[in-house]
Amino acid sequence: MSPAHLEGYLVVGAVLFALGLVGFLTRRNMIIMFLSAEMMLQGVAVNLVAFAHFRGNLGGQVLVLFIVAVAACEAAIALALVLMLFRRRKTLDVSVWQELREPDQEPIEDEGTLEAEEKPEDFQHLTPAGAEPPARKDTEEVSHV
Amino acid sequence: MFSPEMCLWMIPFLPLLGSVIIVTLGRRMFPDRCHVPCIAGAIGACVCAVVVFVGVISETTPLRFGREIAWIQVGNFSANFSLRADGLTAVMLVMVTFIGSLIAIYSAGYMEVDESYPRFFAAVSAFLFFMTGLVLANNFVLLYACWEGVGLCSYLLIGFWYEKPSAAAAARKAFLVTRLGDIGLFIGILILWHNFGHSLEYDDIFVNVKAQYDAGVLDHNLLYWACICLFIGAAGKSAQFPLHVWLPDAMEGPSPVSALIHAATMVTAGVYLVARCTPLFGLAPDAQLLVACTGGFTALLAALIAVTQTDLKRVLAYSTLSQLGYMFLALGSGVVVGEHKLAGLAVTAAIFHLFTHAFFKALLFLAAGSVMHAMHDVIDMTKFGGLKKVLPITHWTFLCGAAALAGIPLLSGFWSKDEILATTYEAWHVSGGAASGIYCLLFFTALFTAGLTAFYTARAYFMTFHGDEKLPPEAGEHPHDATPIMAWPLMILAVGAVGVGIVLGPTHLFESVLEKKWITAQFAHLASPHSTNLLLMVTSSVVACIGVGIAYWLYVADPSAAASVASRMASIYDLSRSKFYFDEIYELAVVWPMNAFAFICRVVDQYVLDGLVDLFGQVPAVFGYLVRPVQNGLVQFYALLMALGLAGFLLSVLLR
């Protein structure tokens, strides 16, 4: 691979990283922030792969494998956390979590809060494959049977 | 096991063990039996003391222990845990442990109603440990440590009933006033260490001083100041003018404490110290003169105050002051003029008086305690009277002690006081110039004081036990006499107070022990033989009898006479009654300026120093206030800062 080719990969990696960073800093939806963070990781991973290929050894590839593994674990934990946070406040807006500030600081008010999504009336039960999921009320009646 | 050398360290160790047992186990496991370890320790120490005494008499050299056990070693300064026993120490040990045992037994009966029973016996045991250590010490550092230890125990025991404000105040006063003297002692020790051979062992210092004296290179001025400093320490502990004010107040403690610590043993530590340092004082005649004057003046002053006090224990306290003054007078009279070397006579007289005084004064205080016990803590002699029939045992034992103190012929006080008078008389006749005049004055002061002593002792006796029977309402209908556990120590001490003088005095047993086992070894060059002065004996007996007679006339034969005499000498009477206003003078001259100074210090501390500290404290606070907004709890803000920080770092790496 020539240096010119390498540059292209690096630009892609940098763009991915920058987009992820900007997304992380500006979006307030916690899931989006999480995705942005993942994007930054992928930007780095692209870099590593490119360098590995450029230098002709496998060091970078190994690191990328690590990144993928870490990202998988991170996804599991982060999504679980997001779920717990959501259950507390019924919103994904990260700016409602400001309690860890200094005691005499005022909370920062952003322009408008994210509207809580329409609260789903009911979560549907898992169904046997291929069957039409029944509504919850119906299930209750069915379960008695 | 019972070799004298072993007993040497067991004497302080046994009471210490008793104290530790009481503090660790006794308080929880047998709080009602806490007197047992204390008494056992005291009696064990007493047995060991007797073994040591016999050992000292039979050996030719002093007993020593632990010369090699290093304690402190800094540069060329070293101090060992070394103990020694010569004639002086042996006498003191026997006296301290014997009286201590009796008083511990008495206390078991006296303190029975008190809830802090274990604390009392722990402190008494600790006191015996320190006191025996003090007399056993072979160097000044160990002596000083024990010296402070007895001061501490004295503080703890004066303030034993610390809920009582007057007791707490008395304890503080005692501690602070003696502390003042201790500073003097400490400076004296430093002078000795620095100038006389960089050693603190008694023998080394004494030998060095004598060598310098013989070689004619002794700095007399320096020795004089060393002696004065030592004497200041002694005066503080032994309550001599002007540091005497703490002892009368110390009577706030329980009566056995007054008997043991503030009459028989601890207060004699000063006398012991000066006697121990006779080889130094003998070479500093000016210091001796000061000691004699202080002693004589204190004896007279205290006797004058004692004459009008109505608190029985205070009369005894002032008489203790007075008798200690006598001892110092004797020590100060040990002058050496040409062929006449009185140091041996002087210390023998002082220590003999110390010995007999311990018996009769401990007895008097214990008897006073017994009166107090029966009268339910009333001790004002005007509130009771005629207790002869009510408290027969207390009456007879008190009479023995009082007669001994008054110097009635053939009782113990007579023999020892007579020796002191004889010493002063000799000093008057052998010294020349102004010193002769001063000793002459001191002799007559002492003689007059002997009369006063007889008078106030007899007065206290007559007011308490004679006249119409009068009981304070607190005592109830049937006051009880001393219980057996209290009566036995009283009777043993009474026998001692009556007999110890005639056994040891005219037979010269006491003198020969001190002479052979201490004086000849330590300062033979300051001592020469002496003879008994019969004329003096007769004079002092007559004076004592006159004193008792006047008291009898005033308080028994013609009870109204006392008041009329008092009103005729109203100004002197009031002066004596109010203790010559010493407390008030000190309050004005020392306490008040100190309080003012303390107030100024407090203001400076509160407003200047605290202000400065607060100002410096504000610096981080302001800084924190500036950067605090950074911590706003917003995740994305933190992320932004991290990104910016990383960017800045990368930029700096790139642009370098």
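Two residues are taken to be in contact if their C-beta atoms, placed from the backbone, lie within 7 Å. The structure described here is a predicted model, and the contacts reported below were computed from it.

In chain B, helix α7 spans residues 202–215. At 1.5 Å a residue, its 14 residues should span 20 Å, and the end C-alpha atoms are 20 Å apart, which agrees with that expectation. Tyr202(B), Ile205(B), Phe206(B), Val209(B) and Lys210(B) are the buried residues of α7(B). Viewed down the helix axis, these buried residues fall within an arc of 125°, so they line one face of α7(B). The elements covering the buried residues of α7(B) include α6 (165–195), α8 (220–237), α11 (269–276), α12 (278–281) and α20 (509–523) of chain B. On the other side of the helix, Asp214(B) and Ala215(B) are exposed. Gly216(B) follows α7(B) and has a positive phi, near 75°.

Chain B as a whole contains 25 helices and six strands. Its C-alpha atoms fill a box of roughly 115 × 70 × 55 Å, taken along the principal axes. Of its 656 residues, 53% count as buried. Among contacts in chain B between residues at least 6 apart in sequence, 81% join residues at least 24 apart.

A helix pair elsewhere in chain B was also examined. Helix α17 (residues 412–430) of chain B packs against helix α19 (residues 484–504) of chain B at an angle of about 45°, with the two axes 6 Å apart. This angle makes α17(B) oblique to α19(B). From α17(B), the contact is made by Ser412(B), Gly413(B), Phe414(B), Trp415(B) and Ser416(B); from α19(B), by Ala497(B), Val498(B), Val500(B), Gly501(B) and Ile502(B). By class, the residues of this contact divide into six nonpolar, four polar and no charged.

Helix α18 (residues 433–465) of chain B contains Phe448(B). Phe448(B) and Pro559(B) are 111 residues apart in sequence, and their C-alpha atoms are 24 Å apart in space.

The secondary structure of chain A comprises four helices and zero strands, in the order α-α-α-α along the sequence. Buried residues account for 11% of the 145 residues in chain A. Among contacts in chain A between residues at least 6 apart in sequence, 45% join residues at least 24 apart.

Within chain A, helix α2 (residues 30–55) and helix α3 (residues 59–89) pack at an angle of about 175°, with their axes 9 Å apart. The two helices are therefore roughly antiparallel to each other. Residues of α2(A) in this contact include Met30(A), Phe34(A), Leu41(A), Leu48(A) and Phe51(A), and those of α3(A) include Gly59(A), Leu63(A), Ile67(A), Ala78(A) and Leu85(A). The contact of α2(A) with α3(A) is made up of 17 nonpolar, three polar and one charged residues.

Between the two chains, eleven residues of chain B are in contact with twelve residues of chain A. The side of chain B that touches chain A has six nonpolar, four polar and one charged residues.

Definitions and conventions: Residues numbered from 1 in each chain as written. Chains lettered and ligands numbered in written order. Predicted model: local features only at pLDDT ≥ 70, side-chain atom pairs only at ≥ 80, totals over all residues. Nonpolar A, V, L, I, M, F, W, Y, C, P; charged D, E, K, R; others polar. Buried ≥ 20, exposed ≤ 12 C-beta atoms within 10 Å, placed from the backbone. Axes fitted to C-alpha atoms, helices over the stretch in contact; angles between N-to-C directions. Parallel < 35°, antiparallel > 145°, perpendicular 65-115°, else oblique. Expected span 1.5 Å × (residues − 1). Arc of directions from axis to C-beta.
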